[in-house]
Amino acid sequence: MSEQIQHLMREIGPLVDAIDAIEQVGEQNWAIGFDEATWLTVDYNEQTDKLTLAIDCGPSPEQNRIKLYETLLTYNYLWEETGGLRMALDEPGGRVVLIFDVAVHGLDSATFATVVENMVTKSRLWQQSIQGVGSESDPPSSETPMGIRV
């Protein structure tokens, strides 16, 4: 495994105050904890030399589920505007997950810290939006910044 990735994982803790824990959960897999309910997973793919970051955004509500699915699919179509962020379900009718791939080549600790912080921020925005869809409130405004900044 890349020494660069080990370095990134060691360096990110001091750069992001909100991080409570970083655990290596597999040979090429980590979990970064922010609180008991907020964990970002990081998986390294040697073939693509990319890190895939994923974070839970909450359950898909039974009420207005089709509306939520349409929103998620539309969001995925806007990948150029969102910087490559995408949404998925962890299983049919399951939890909504926010996913982002980042190339390891040239990735420094400060940039990685920014990506991690942005993923957590976006996941919290999505949690609010998903709760709104489930409660039949207005959908998120198109003015809400749902992309990622690197």
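1. The model is predicted: local features need pLDDT of at least 70, side-chain atom pairs count only at pLDDT 80 or more, and totals for chains, interfaces and linings use all residues. Residues are numbered from 1 along each chain as its sequence is written, and side-chain values use heavy atoms, without hydrogens and water.

2. An open sheet of 6 strands runs in the order β1-β2-β3-β4-β6-β5, with antiparallel pairing. Strands (E, at least two residues) and helices (H or I, at least four) are DSSP runs, numbered from the N terminus. Two strands pair if DSSP finds at least two bridges between them. β1 (21-26) and β5 (86-89) are the edges; each has a single partner strand, so one side of each lacks a neighbour in the sheet. From one strand to the next, the twist averages 25°.

3. β2 (residues 29-35) and β3 (residues 38-45) run antiparallel, joined by 6 bridges. Here glycine 33 stands opposite tryptophan 39 in β3.

4. Helix α1 (residues 3-15) packs on the sheet and touches β1, β2, β3 and β4 (50-59). Contact means heavy atoms within 4.5 Å. The direction of α1 makes about 155° with that of β1. Axes are lines fitted to C-alpha atoms, for helices over the stretch in contact; angles run from 0 to 180 degrees between N-to-C directions.

5. Helix α2 (residues 65-77) lies across β5 and β6 (95-103), at about 145° to β5.

6. Tyrosine 75 and tryptophan 126 are both buried, meaning under 20% relative accessible area with a 1.4 Å probe, protein chains only (exposed is over 50%, partly exposed in between). Tyrosine 75 lies in helix α2 and tryptophan 126 in helix α4 (residues 109-134).
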